[in-house]
Amino acid sequence: MSDRLGVSITLFLADGTPDGLRIVEKTGWSGIGMVFARSDLAEVKTRPELRSTGVYVLLGDTEDSGFSKRIYIGEGDEVLARLVAHQGSGSKDFWTTTIVFTSKDANLNKAHARYLESRLVSLATDAKRSEVANATMPQSPPLSERDRAEAEGFLREMLVIFPVLGLDAFERADEVVSARPDANLRYTFSERGAAGEGADRPDGFAVFAGSVAAADETPSCPPFLRRLRQTLRQEGVFASLNGQVVLQQDYVFASPSTAGGVLSGSSVNGRTTWVRPDGVSLKQHQQRMAQDEPVNELDE
């Protein structure tokens with residue numbers, strides 16, 4: 001059992017539908033979040049929250065890079081004005097969903113918002129889990145020690161809420177914390193000259209730095225795996241070292257099969273090809289866990 005305390009996050013369906021405007025709040029936090037579809041901007045623009053200073057994330061699917069999501073991070077003295085400008089610009093065609101954060105007590109000012117924008121872009125760029133559409137890295141404004149502490153506190157709460165909303169763009173694999181007793185159980189992978197170590201996590205399958213990928217792909221390798229392999233090399237997640245393609249940082253993939261496919265350059269069943277040191281596959285491990293077999297017994 002984890003020693004971490006639970007938190008209460010409420011998701012209010014403002015129009016009573018799961019795909020409409022959702023209002024997000026967290027107990028003891030002065031911030032407030034809004035989630036809505038781009039197509040609903042005309043309906044939600046009367047909300048007073050959008051007239052406030054805040055930060056926002058525009059997100060949508062992407063097929064070009066191999067990442068599942070493309071995001072743009074922005075800020076505004078009046079968030080609505082920025083969203084309306086994006087709506088008419090034609091430069092954010094990928095955008096389908098909007099996430100906005102502002103403050104209920106109006107204590108979030110322009111400098112705070114610029115700081116949060118800069119930090120979010122930096123975190124997403126470093127994590128390399130989504131395609132970041134921001135053309136430049138926003139500069140962080142000078143803040144007093146107190147203001148910086150307040151902004152970091154606001155950011156910390158946002159980072160708790162983003163995964164609840166289905167956005168995992170801001171966390172590196174080595175920053176993810178899980179209360180599961182088997183979350184750090186290591187699995188190995190060996191296919192087509194690839195050799196990797198990883199762990200099954202709540203947010204995906206983490207492959208550890210130092211894992212080695214196959215140098216090429218099989219003719220039948222799915223296109224999305226080819227694109228993702230290429231993108232990860234371009235982003236520096238993989239690098240060529242001493243004739244090998246080596247993972248430079250812990251990295252979370254959407255599934256064990258995607259993790260194995262990227263390493264091997266081929267289509268694989270990750271639940272059978274990732275195995276514990278004793279030869280038990282991830283699939284077999286999960287079946288045993290479902291039958292309440294303790295982790296320490298599994299590892300003996």
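**Note on the predicted model**

1. D200 counts as buried, because its relative accessibility is 12% (buried is under 20% relative accessible area, exposed over 50%, partly exposed in between, with a 1.4 Å probe and protein chains only). D200 sits in strand β9, residues 194–201. Helices here are DSSP runs of H or I with at least four residues, strands are runs of E with at least two, and both are numbered from the N terminus. The side chain of D200 makes a polar contact of 3.2 Å with the side chain of Q286. A polar contact is a pair of N or O atoms within 3.5 Å; within protein, one must be able to donate a hydrogen and the other to accept it, and residues adjacent in sequence count only if both atoms are side-chain atoms.

2. A word on provenance. This is a predicted model, in which local features need pLDDT of at least 70 and side-chain atom pairs count only at pLDDT 80 or more, while totals for chains, interfaces and linings use all residues. Residues are numbered from 1 along each chain as its sequence is written, and side-chain values use heavy atoms, with hydrogens and water left out.

3. Overall form. The chain has nine helices and 14 strands. The C-alpha trace spans about 55 × 40 × 40 Å along its principal axes.

4. Packing and surface. Of the 300 residues, 47% are buried. Among contacts with a separation of 6 or more, 63% are between residues 24 or more positions apart; contact means heavy atoms within 4.5 Å. The chain exposes about 14,700 Å², and carbon and sulfur atoms supply 47% of that area. Areas come from the Shrake-Rupley method with a 1.4 Å probe; for residues, only the protein chains shown count as cover.

5. Helix α6 spans residues 256–264 and is mostly covered, with eight of its nine residues buried. The buried residues include P256, T258, V262 and L263. G265 follows α6 and has a positive phi, near 65°.

6. R38 deserves a look. It lies in the loop between β3 (31–37) and α1 (41–44). R38 is buried, because its relative accessible area is 14%. A polar atom of the R38 side chain lies 2.7 Å from the backbone oxygen of K92. Beyond neighbours within four places in sequence, R38 is in contact with residues including H86, Q87, D93 and W95.

7. G31 is in strand β3. It counts as buried, because its relative accessibility is 0%. Leaving aside neighbours within four places in sequence, G31 touches T102, S103, K104 and F154. Its C-alpha atom is 43 Å from that of V245, 214 residues away along the chain.

8. T273 belongs to helix α7, residues 270–273. T273 is buried, because its relative accessible area is 17%. Its side chain reaches the backbone oxygen of N269 at 2.8 Å. Outside the four places in sequence on either side, T273 is in contact with T188, F189, E191 and V268.
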